[in-house]
Amino acid sequence: AELDVRKQVSDQEQRSPGEHQSGGSKQSAKSTDNLEVYFLRELANEGHADAQAYLGLMYVTGKDRSYSDAVIWFRKAAAQGNGYGQAGLGWMYAMGRGVLQSDTEAVSWFRKAAEQGNAIGQFNVGMMYLHGIGVPQSDTEAAMWFRKSAEQGNSEAILLLCAMDAQGRQSDADPVDCLRKSIAPAIAAMW
């Protein structure tokens, strides 16, 4: 749905000063709110899954942290099949932030994201298998998921594949290729 800026501003002016909608509940606006956050919130309220997932991430990592609000937004995005929402919800369960900690739920949500090709979900499923958290420990499964994530450029997955190979843990990674891929993003960032 297209965003009608005039309608959005008009709706905002009709609300009490200093208030905005968030997940169905009113909150007082904070100094970190700006026009971009306002419109992101509006898109999320309209049902845009990417905006919902991003808003969830903002509640996890931003200045105005609220794990319960993050769960609300990740859940909305995940319900629409959004991989970032699913991976975010998996992290919330893995860490016990805003929800009761559950390795089983974490793996379930990470796997849903991973099976859609989400690199973050793939990496996290790999981590669960590597450490045997919520699933039986399996270097083979861990390497498979890390490889899928690495193929999308996830440098952490590349480094873990290299470490697994150096330890003789079934990753069959080329050491020279590992080094090249793992340092390339750092070199590119310097230029």
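Since 10 of the 13 residues of helix 7 are buried, the helix is largely enclosed by the rest of the structure.

The expected span is 1.5 Å times one less than the number of residues. At the start of helix 7, a side-chain oxygen of Asn118 comes within 3.0 Å of the backbone nitrogen of Ile120. After the helix comes Gly132, with a positive phi near 65°.

## The model and the chain as a whole

This is a predicted model, in which local features need pLDDT of at least 70 and side-chain atom pairs count only at pLDDT 80 or more, while totals for chains, interfaces and linings use all residues. Residues are numbered from 1 along each chain as its sequence is written, and side-chain values use heavy atoms, with hydrogens and water left out.

The chain holds 10 helices and 2 strands, arranged from the N terminus as α-β-β-α-α-α-α-α-α-α-α-α. Helices (H or I, at least four residues) and strands (E, at least two) are DSSP runs, numbered from the N terminus. Of the 191 residues, 39% count as buried. Among contacts (heavy atoms within 4.5 Å) with a separation of 6 or more, 42% come from residues 24 or more positions apart.

## How helix 8 meets helix 9

Two packed helices are described by the angle between their axes and the distance between the axes. For helix 8 and helix 9, the angle is about 145° and the axes are 8 Å apart. The axes are lines fitted to C-alpha atoms, for helices over the stretch in contact, and angles run from 0 to 180 degrees between N-to-C directions. The crossing of helix 8 and helix 9 is left-handed, a term for the near helix being turned anticlockwise from the far one by less than a right angle (right-handed if clockwise).

On the helix 8 side, the contact is made by Asp139, Ala142, Ala143, Phe146, Arg147, Ser149 and Ala150; on the helix 9 side, by Ala157, Ile158, Leu160, Leu161 and Met164. These residues divide into 9 nonpolar, 1 polar and 2 charged. In this count Ala, Val, Leu, Ile, Met, Phe, Trp, Tyr, Cys and Pro are nonpolar, Asp, Glu, Lys and Arg are charged, and the others, Gly among them, are polar.

## Two loop residues worth a look

Gln137 sits in the loop between helix 7 and helix 8 and is partly exposed, at 42% relative accessibility. A polar atom of its side chain lies 3.1 Å from the backbone oxygen of Leu130, and a polar contact of 2.7 Å joins the side chains of Gln137 and Asp139. A polar contact is a pair of N or O atoms within 3.5 Å; within protein, one must be able to donate a hydrogen and the other to accept it, and residues adjacent in sequence count only if both atoms are side-chain atoms. Neighbours within four places aside, Gln137 touches Tyr129, Leu130, His131, Gly132 and Arg169.

Ser102 belongs to the loop between helix 5 and helix 6 and is buried, with a relative accessible area of 19%. A polar atom of the Ser102 side chain is 3.1 Å from the backbone nitrogen of Glu105. Leaving out neighbours within four places in sequence, Ser102 is in contact with Tyr93 and Ala94.

Helix 4 (residues 67–79) has 13 residues and reaches 18 Å from its first C-alpha to its last, close to the 18 Å expected. Its buried residues are Asp69, Ala70, Val71, Trp73, Phe74, Ala77 and Ala78. Gly81 follows helix 4, with a positive phi near 80°.

In helix 2, Val37, Tyr38, Phe39, Leu40, Arg41, Glu42 and Ala44 are buried. Leu43, also found in helix 2 (residues 35–45), is partly exposed at 25% relative accessibility. The C-alpha atoms of Leu43 and Leu55 are 9.9 Å apart, with the two residues 12 positions apart along the chain. Helix 2 is followed by Gly47, whose phi is positive, near 100°.

Notes:
Buried < 20%, exposed > 50% of the residue type's maximum accessible area, 1.4 Å probe, protein only.
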